[in-house]
Amino acid sequence: MPVPTDDLDLKQWIRDVPDYPKPGVLFRDLSPLMGNPEAMRYVTGQFVEHLHETKADAVAAIDARGFIFAAPAAVEAGLPFVPLRKSGKLPPDVIGADYELEYGTARLEARDDALSPGSRVVIVDDLLATGGTAAAAMKLIEELGASVLSIAFVVELTFLNGRAPLNGANVYSLVTY
């Protein structure tokens, strides 16, 4: 397949899975995109360009699929990578931020020394849906004394209004539905 050049082309590597994980939900499966080296190269290149444009000096990513897209971009851009993990996955000392799920709460954590105060960070994740996880990631970065320049996503589901909890943050999405 050719290297994608715009959102419409990139969508050919995103599979729609109806009624998953429950009836009425249309799941956007990025597995075909991840399995295509040319598509991954394209996504990485777009994120690297965004990192340079924002003048970021670190890349943070949300556990777990954000890691898939952020780590290669951080390496390519020559920037440190900061994992924002689910609760209990990092050794002490950590700080955390709770966020709401459909049926309860969850927590993201980061090492308390993951960033230097004043760092300029781009957060990366695979998909923006309701924005709760991204808002928790922003809170963590800010608690570390750093600033969030942008939050970058491969896919944004605009109908879920996930930008609202991000309080005007710069959102960068490669594909929108």
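Let me begin with the largest pocket, which has a volume of about 1,300 Å³, and let me say at once that what we are looking at is a predicted model. As a reminder of the idea behind such a value, rolling a probe the size of a water molecule over the atoms shows where empty space is left.

Which residues lie nearest the centre of this pocket? They are Phe27, Arg65, Leu127, Ala129 and Thr130, and they belong to a lining of 37 residues in total. If you follow the chain through the structure, you will find that the elements giving two or more residues to this lining are β2 (26–29), α2 (31–34), α4, β5 (94–101), β7 (120–128) and α5 (132–143).

In general, two packed helices are described by the angle between their axes and the distance between the axes. Here helix α3, which covers residues 37–54, packs with helix α4, which covers residues 65–77, at an angle of about 60°, and their axes are 9 Å apart. Angles from 65 to 115 degrees would count as roughly perpendicular and those under 35 as roughly parallel, and α3 and α4 are therefore oblique to each other. The crossing of these two helices, α3 and α4, is right-handed.

Where the helices touch, α3 contributes Met40, Val43, Thr44, Phe47, Val48, Leu51 and His52, while Ile68, Phe69, Pro72, Ala73, Glu76 and Ala77 come from α4.

Finally, I would like to turn to the backbone. Most residues other than glycine have a negative phi, and most peptide bonds are trans. With that in mind, please look at the loop between β1 (15–18) and β2, where proline 21 is placed; the peptide bond from tyrosine 20 to proline 21 is cis, with omega near 5°. Aspartate 19 is also found in the loop between β1 and β2, and its phi is positive, near 60°.

A cis peptide bond also joins proline 92 and aspartate 93, with omega about 0°, and aspartate 93 sits in the loop between β4 (81–86) and β5. Asparagine 167, in the loop between β8 (147–156) and β9 (171–176), has a positive phi near 50°.

Methods: Residues numbered from 1 in each chain as written. Predicted model: local features only at pLDDT ≥ 70, side-chain atom pairs only at ≥ 80, totals over all residues. Heavy atoms only, no water. Axes fitted to C-alpha atoms, helices over the stretch in contact; angles between N-to-C directions. Helix = DSSP H or I, 4+ residues; strand = E, 2+ residues; numbered from the N terminus. Parallel < 35°, antiparallel > 145°, perpendicular 65-115°, else oblique. Left-handed = near helix turned anticlockwise from the far one by under 90°. Contact = heavy atoms within 4.5 Å. 1 Å grid on protein atoms, 1.4 Å probe; cavity = no way out; pocket = protein on both sides within 12 Å on 5 of 7 lines; lining within 4 Å. Points joined across faces, edges and corners; volume = space filled by probe spheres on them.
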